[in-house]
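I opened my notebook to look up a few features here. Follow along with me, one entry at a time.

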Amino acid sequence: MSIPFLSFTPQHAPIRAEILAAIVQVYDNQWYVLGEQVKAFEIEYSLFNKVAHTIGVANSLDALHLALEALGVQAGDEVIVPSNTYIATWLAISFVGGVPVPVEPNPHTYNLDPTRLEAAITPRTKGIMPVHLYGQACEMSAIQEIASRHGLWMVEDNAQSQGATWEGHLIGSFGQVNGTSLGFLILGQGENSTT
Ligand SMILES: Cc1ncc(COP(=O)(O)O)c(C=O)c1O
């Protein structure tokens with residue numbers, strides 16, 4: 001028996017007709033940037049992720065970059081990231097002149113280890129970017145508690161884990177602003193956001 005190294009067929013086959021119909025609708029409509037389809041998707045994503053606002057952008061790197069611009073990250077500001085994150089999280093910080101400060105992951109989950117967070121905080125730290133890797137939510141209650149205590153913002157990167165939950169709460173709704181793949185900028189006031 002030959003087992004393919006990579007195959008999305010089991011995921012794609014059941015939704016093939018629905019996805020192709022949606023693509024044809026956008027193609028025929030000829031409105032590729034913004035427009036009604038994007039608006040409908042933004043509204044549906046807000047309902048799905050239980051957040052106040054969702055804005056469609058080009059990709060997840062743009063979402064993270066715009067989130068940091070919106071939070072006013074300045075040259076030299078330090079932002080904590082998991083050391084094993086995908087490069088986009090790191091690039092979003094360096095693009096606005098910030099300094100990414102890597103923190104090692106929990107070896108059991110490969111996600112940001114809250115017990116190592118406080119040692120990385122300095123007077124120049126402005127925020128924390130928890131990245132929910134491999135479909136697993138970060139330990140958000142501990143991370144959120146540390147962020148609140150030190151007056152830091154959080155920007156979640158949930159490009160890899162849409163729909164995952166932490167203690168029953170959807171991720172992508174804890175940070176002040178969050179980014180996800182498909183290119184969505186998710187604005188705070190989610191059900192779990194502290195601001
Ligand atoms: C954790 C994480 N963040 C950000 C991105 C960037 O996503 P995009 O390719 O939509 O810019 C990815 C892409 O794989 C990712 O895995």
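I started with a definition: a salt bridge is a side-chain nitrogen of Lys or Arg within 4 Å of a carboxyl oxygen of Asp or Glu. Before going on, I noted that this is a predicted model, where local features need pLDDT of at least 70, side-chain atom pairs count only at pLDDT 80 or more, and totals for chains, interfaces and linings use all residues. Residues are numbered from 1 along each chain as its sequence is written, and side-chain values use heavy atoms, with hydrogens and water left out.

**Salt bridges.** I found five salt bridges in the structure. In one of them, Arg 124 meets Glu 78 through their side chains, at 3.1 Å from N to O. This pair links distant parts of the chain, 46 residues apart: Arg 124 is in the loop between β3 (99–103) and β4, and Glu 78 is in strand β2. Strands here are DSSP runs of E, at least two residues, and helices are runs of H or I, at least four, numbered from the N terminus.

**Strands.** Which strands does β4 join? I looked up pairing, which needs at least two DSSP bridges between two strands. Strand β2 (residues 78–82) runs parallel to β4 (residues 125–128), with three bridges, and Val 79 stands opposite Gly 127. Two bridges join β4 to β5 (residues 153–157), also parallel, and Ile 128 stands opposite Met 154 there.

**A loop.** I then looked for Trp 31, and found it in the loop between α2 (16–29) and α3 (35–49).
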